[in-house]
Every structure is written in C-alpha cells, then in structure tokens.
Amino acid sequence: MGSLGAIFADIWRSPSGRIGLVLVTAILLFAILGPVFTVDPNKIAVQDRFQTPSVTHLLGTDNLGRDLFARTAQGTRAALVISLLVVAASLLIGSVLGITAGMAGGFIDRGVIVVFDIISAYPPVILAMGLIALYGTGFGNLLFVVTILFIPQFGRMARAQTLSLRHQPFIDAERILGLPTRKLILRHFMPNVLGPLIVLASMNIPVVITIEAGLSYLGLGVQPPQASLGSLIKDGYIYLNQSWWPTIGSAVTLALATLGSTLFGEALRDAADPKLKGHGR
Amino acid sequence: MSGTIGRFIAHRMAAALVTLAGAILFLFIIIQFVPGDLAGVLLGPRATPELRAAFAQRMGLDRSLPEQFVLFFGNAIRGDLGNDIITSRPILDIVVENLPNTLQLAGAALLLSMIFGIALGCIAALKPGSMLDTVLGVSSVAFITTPSFVIAIFLLLIFSLQLHWLPVTGAGKPDDPLDRLAHLVLPAAALSIGWVGYLARLIRASLLEVLTEQHVRMMRAYGVPEGRIVRHFALRLALVPMISIMGLGIGDMISNAVFIEYVFARPGIGTMIYNAIRIRNFPIVQAGILFTVLIYVSANLFVDFLNALLDPRIARSLKQAV
C-alpha cells in the first residue's frame, strides 16, 4: 500500500478510475456548494409548479413550485452524509467486534461469528423495514438501522485480518518483548487491519446510498420536508402525468452518484492492493 | 466419497437450523427493546382494548422473559402467526396468498439474470478486448450500480406509458397465465438487469482464468474446438463462483422485490410488509420477515448443495471451514 498521493495517481491512471474520481468530485461539490448557492429548497411557490428547466430553475420545479436543483442538492447532501456516517459507524463497531473476536478466539469468537451470521440471514432491506416498523422513522433511527446491516461485513473482514496477523513473527516478537495487548492492538492491529477496511468502506458507500434512497422512496427513510434523492424520485413519480422532470433529475443524480462512487471504490481497491484486481463486485 | 458429501450436507443443514433459530431469537430481542407499551406500539392506534388483551395473552406479556421467548419461538416454528387484527383472518393465510407473487418475480429474475449473464459472459470471454467486450464491460457497471427501482421506473416510463407494449401495474388476472406473464416481464427485467451485468462480469473473469489452465491448453493442443472446450469443460468450473454468489443474490432479489413490487403496484410479500408498516400492523410485518428469512436461508442451503455437487473439493474442505 503506497502513500496517498501514489494511490490517487494510480486511480487517475485507469480510465474507469478517472471517470469515478471526476463523478465523485462533481457530486461532492454539488452536495457541498449546491445548497449554498441556491434558493431555499423548501420554499413553496405554487404558481411556479411543474416548470421545465430554465436559468432560474436549473432542474425545473416540483408540484409545489419548489426549486428542484436546490432540492436535489439537498437530497444529494443527505445521501452523502448518511452513507459516510453509516460506513464510519459500521467500520468502527465492526472492527472492534472483529478484532476482539480474532484476538480472543474460543467462545467469544464463536459468539460474535454467530451474531454476524444471524444478521446476515435476513434479506437486508427486509430487516431494515422490520426495524423501522418497530422503532419508527427519523434520522437517528435510519442511521442505526442501516449501520446494523453493514456491521457483519466489516466485522468479518477485521476478524480475518486479525487472524492472519496474529501469528506473524513481528507480533510474536512484540509480545515476547512484553508489549501490553492494548498497545499491541492500537499500534499493530489497527493500522494493519484498517487498510482493507477502508477499501471495503469505499465500496459500500454506493450500496448505502442505494438503500437510503430505496427506504426514502418508500417513505421510510428521510422524512419530509427534508429532501432525499429517494423521496424526490417518489414525489416525481406521483406527478408523472404532469411532468417528467422531477423524476429524471433526481434519478439521474442518484445513478451518477452510485456509478461514480462504485468506479472510485473499485479503482481504490485495485490501487491499494493490486492482487485483488478484477475480483468482487 | 458420497459419505463426505452426506456429512457436508448434514453439517450445512444443522448450521442452517441454528441460523434460523438465531434469527427468531434476534427478532424476539429487537421486539423487547421497543420503548413503551408493546401492544400499543405493535398493533397501532386502531387496536381496541380487547385486541390488546388478546395480543398480551398470545405473547404471554404477563409472564417472565424466558417463558415469553419459549412461547414466541414455539409459535414461530409451528407456523402459528396469529390472526390479523383488522380482518381477523389467520396471518398465515395472508402470507400464503402473497408469497407466490414474490416467488414468481424473484424466480423469473433469477432465471433471466443467469441466462443472459452466462451468455454475455461467455461471448465476452471468447473475444476479450473486442468491441462487444468493451461495450459489455462499460454498460454492465452502469446497470450494476443503478438502483433497481430507478431501472423499474424508466422501464415503466418507456415500455408501458410511452410505447404501451406492456401493462402498467398489478400482477394480472389470477386465472390467465398469459396475462400474468405479461405483467411479470417488466418487474422481472428491472430486478434482473443489475445481476445480468454482474454475472456477465463474473463469468467472463472466471472463464478467462479457467481457459489459461493446463488441462484446457492440453485440449486445445489436441485440436478440441474452442466452443466445445467452453461448453463442456471450462463453463462448469466457471459456474462455481456464480452459484456461490447467487446465494447472496437471492437475498438481494427478495430485498429489491420490495421496491419493484411498490413501483409496479404488484401484490407480494414486499407490498404486504410495506402496507402493514404504513398502518402500524406489526404481526404481519413479523410474518413477512420470518418467511423471507426462511426462504433466504433455504436458498443458501440449496446453493451449498449445488456447489458441493459441482465441485466435490468444497465438501472435502469441510474441516478447514469449521
């Protein structure tokens, strides 16, 4: 694994990595700057409803005359914030559980693996819907529910990495020299386990974006009036007879966001570990 | 030899049963953490005091937690899901009514994705670097990453609303197979397109790997035609990774079927769960969850068997896997 600059150079070198990097940068700028430069995404102006794209409304307006460029930017920001938080939380919880299981072995290891297996036995969206049915909708609940779905993946990978590290000569050496387990974990396990986990995290960002958009599309994710790409698609879909624009704008943004982050994630994986090239989704 | 496979199957079945039991326990635990009055939260605002009392009785809410669990577990494995609070019909009947629609949708999507995925993957692997291979490589990524409900909406816009080739919503008349098939085409296509792209990529990669192996080069040296090598020898090996991944694929399809059923207003397990959440009717949600877990775990079990039959080395590696 090279330095950060070398990794980005590697990503830029492959054509799909370059497309991914450009798309991710564009989506990031749109999400960060879009809401700053546009009108209030929740401002209702019914007389301006269902406008086609123009200079004042770059993506047109919706059924309440709200500016769709501003709303799509707000929805993109929500998608990115949620996916980053979910991936970070599941990486953190998963790696703590996975490293603990790998280090402890025996009964604890088996227990953690069984919990991961049980969570993975549920079709992901169905489990998310069940949890939302029990605990209700809302931003915090949405984060909590989607994080649960992703913990097993990170946990399994952290455990596998820990197991392969545990009997490396340098770890044995440190142990013989009397390094406490806590320091051993912080100084040697975390840094060595983290690399592959970050790659996994970047590959999971588009998956989280898709699940968030799907749940919001069903009305179970981000709640109105806050816009989300999923709810924008749904609202547009209801008024399809009047105008196609509300659906097209948000659906294309969603597709570009997932495409860009997937290409970026794959290029990052190939750059970080050339051995893995061509494997996985 | 057959003893190895028999032991492997027995081991996988035991593991699947443990997972199922664990999944029921997990469901019980997450229900326990619901804040507030359980009957009120799970049955929603419509529930009368009598209904709540009946629910508390059924769940054994006045008993100790272990007793409650035994009751919950017993009901779940006996398939006793209780009666619906609105229609007072047995919930099992409602599930059985909706299940075939979802199974047909997921089954059709599975079939479509395997047929087209294998075909396109073979074509791409036989001529790597060709125009077709490049087009396939680029478009498959786009299809994989676009969420299935977005694909569903665009298919609906184009083929139903613009071209009027296929019906818009529903599952078709129950006694008219042709009508049902017409209603199945677009939802199954929407559900499978991503997997077609994914499987084509997977098959292409594993075929290219297999085609460089010693025994394949040997066959080529003996003058066996390339098409025959692929069809009779290489493809069988290349199918193993695909079948493993389809275990996950079935979970993904059951998940995404929820969105697809919603877009096409199609009856099914997803629609059933969704409607039950909207009106706060948890017993139905719970029944839907239990059945989808059962389907998912059984599908994975089936995938394990299939893999062990295709590649007996998998069964023999049991010791390392445990």
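Predicted model: local features only at pLDDT ≥ 70, side-chain atom pairs only at ≥ 80, totals over all residues.
## Chain B at a glance

Along the principal axes, the C-alpha atoms of chain B fill a box of roughly 80 × 55 × 35 Å. Of the 322 residues in the chain, 39% are buried. If you take the contacts in chain B between residues at least 6 apart in sequence, 71% of them join residues at least 24 apart.

## Where A meets B

Now for the contact between the chains. Chain A puts in 35 residues and chain B puts in 33. On the chain A side, the elements giving two or more residues are helices H4 (106–120), H5 (124–135), H8 (181–217), H9 (229–238) and H10 (245–272). H5(A) gives the most, with 10 residues.

What is the make-up of that side of chain A by class? It has 26 nonpolar, 7 polar and 2 charged residues.

## H8 against H10 in chain A

Two of those helices also pack on each other. The axes of H8(A) and H10(A) come within 9 Å and cross at roughly 170°. With angles over 145 degrees counting as roughly antiparallel, that makes H8(A) roughly antiparallel to H10(A). The crossing, as H8(A) passes H10(A), is left-handed.

From H8(A), the residues making the contact include A:Gly195, A:Val199, A:Ser202, A:Met203 and A:Pro206. H10(A) answers with residues including A:Leu254, A:Ala257, A:Ser261, A:Phe264, A:Gly265 and A:Arg269. By class, the residues of this contact split into 11 nonpolar, 7 polar and 1 charged.

## The largest nonpolar core

The largest nonpolar core has 156 residues, with members from chain A and chain B. Those touching the most other members are A:Ala128, B:Ala152, B:Leu199, B:Ile260 and B:Ile273. Helix H8 of chain B (residues 177–210) gives the most to this core, with 16 residues.

Which residues does A:Ala128 touch, leaving out those up to four places away in sequence? They are A:Val145, A:Val146, A:Leu149, A:Ile211 and A:Leu215.

Is helix H7 of chain A (residues 169–176) covered or hardly covered? Hardly covered: among its 8 residues, the count of buried ones is 0. After H7(A) comes A:Gly178, with a positive phi, near 90°.

Technical notes
Residues numbered from 1 in each chain as written. Chains lettered and ligands numbered in written order. Contact = placed C-beta atoms within 7 Å. Helix = DSSP H or I, 4+ residues; strand = E, 2+ residues; numbered from the N terminus. Nonpolar A, V, L, I, M, F, W, Y, C, P; charged D, E, K, R; others polar. Axes fitted to C-alpha atoms, helices over the stretch in contact; angles between N-to-C directions. Parallel < 35°, antiparallel > 145°, perpendicular 65-115°, else oblique. Left-handed = near helix turned anticlockwise from the far one by under 90°. Core = buried A, V, L, I, M, F, W, Y, C linked by C-beta atoms within 7 Å. Buried ≥ 20, exposed ≤ 12 C-beta atoms within 10 Å, placed from the backbone.
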